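The following paragraphs lead the reader through one protein model, from individual contacts to the overall form. Please keep the structure in view while reading.

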Amino acid sequence: MKKMYYISITYLIIGLFMGLFNHEVAYYTNFTGTTTLSYFHAHAIILGSALFFIIPIFMKVFSVNKHKNFKKFMIFYNLGLSMSLFFMAARGIYQLFMLQIPSFIDHMIGGLAGIGHILLTIGLCFLFNVIISAVSKDYNKTENTDKEYSIS
């Protein structure tokens with residue numbers, strides 16, 4: 001469970017740092033628009049920190065970490081979120097500094113961020129599979145114990 005909290009803290013620190021970076025660079029460059037980097041902060045804190053802060057509750061109550069797909073969730077989700085955040089940061093930084101880049105690089109960044117989002121979605125599917133399996137397994141246990149003690 002400590003591992004989940006360390007991951008949560010890592011995403012929190014990254015999200016807060018990039019939020020501060022975005023604010024300070026926008027202030028010093030007199031940038032007034034919205035960049036992709038301004039959404040990085042919320043993505044890292046909600047998709048990274050908040051999710052990995054909640055998962056230990058499911059680990060404690062339903063033992064989701066013992067499910068066969070939990071490791072797949074961890075791999076796909078963290079890889080997808082890291083890719084998405086990296087390319088959001090890349091696009092946001094060149095927008096913030098108003099850099100001119102070739103359109104094929106812009107499309108490449110968008111495509112790779114899209115692949116990151118696909119991996120993120122696959123990871124979420126594994127997470128929901130794990131949670132639903134664990135909850136239904138736990139439900140079946142309580143259902144069976146209720147039948148043993150019922151008066152008919």
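A polar contact is a pair of N or O atoms within 3.5 Å; within protein, one atom must be able to donate a hydrogen and the other to accept it. The model discussed here is a predicted one. With that cut-off in mind, consider Ser84, which is found in helix α3. A polar atom of the Ser84 side chain lies 3.3 Å from the backbone nitrogen of His117. Ser84 has a relative accessibility of 2% and therefore counts as buried, since the limit for burial is under 20%. When neighbours within four places in sequence are left aside, Ser84 is in contact with Ala113, Gly116 and His117.

Read along the sequence, the pattern is α-α-α-α. The radius of gyration is 20 Å, well over the 15 Å that the globule rule gives for 152 residues, so the protein is more spread out than a compact globule. Along the principal axes, the C-alpha trace spans about 75 × 30 × 25 Å. Among contacts between residues at least 6 apart in sequence, 82% join residues at least 24 apart.

Helix α1 covers residues 2–28, and Met4 is found there. Is Met4 buried or exposed? Met4 is buried, because its relative accessible area is 4%, below the 20% limit. Not counting residues up to four places away in sequence, Met4 touches Phe52, Ile55, Pro56, Met59, Phe70 and Met74. Met4 and Asn30 are 26 residues apart in sequence, and their C-alpha atoms are 38 Å apart in space.

Helix α2 contains Ile46. With a relative accessible area of 54%, Ile46 is exposed. Gly15 and Ile46 are separated by 31 residues in sequence and by 9.1 Å in space, C-alpha to C-alpha.

The loop between α2 (37–62) and α3 (70–96) holds Asn69, and Ser63 lies in the loop between α2 and α3 as well. Asn69 counts as buried because its relative accessibility is 9%. The side chains of Asn69 and Asn129 are joined by a polar contact of 2.8 Å. Leaving aside neighbours within four places in sequence, Asn69 is in contact with Phe126, Asn129 and Val130. Ser63, by contrast, is partly exposed, with a relative accessible area of 31%. Although Ser63 is not a glycine, its phi is positive, at about 55 degrees.

A positive phi is also found at Met98, a residue other than glycine, where the value is near 55 degrees. Met98 is placed in the loop between α3 and α4 (103–149). At 52% relative accessibility, Met98 counts as exposed.

Finally, some totals describe the protein and its surface. Buried residues make up 34% of the 152 residues. The protein exposes about 9700 Å², and carbon and sulfur atoms supply 69% of that area.

Conventions:
Residues are numbered from 1 along each chain as its sequence is written. This is a predicted model: local features need pLDDT of at least 70, side-chain atom pairs count only at pLDDT 80 or more; totals for chains, interfaces and linings use all residues. Side-chain values use heavy atoms; hydrogens and water are left out. Helices (H or I, at least four residues) and strands (E, at least two) are DSSP runs, numbered from the N terminus. Buried means under 20% relative accessible area, exposed over 50%, partly exposed in between (1.4 Å probe, protein chains only). Contact means heavy atoms within 4.5 Å. The radius of gyration is taken over C-alpha atoms; the globule rule is 2.2 Å times the number of residues to the power 0.38. Accessible areas come from the Shrake-Rupley method with a 1.4 Å probe; for residues, only the protein chains shown count as cover.
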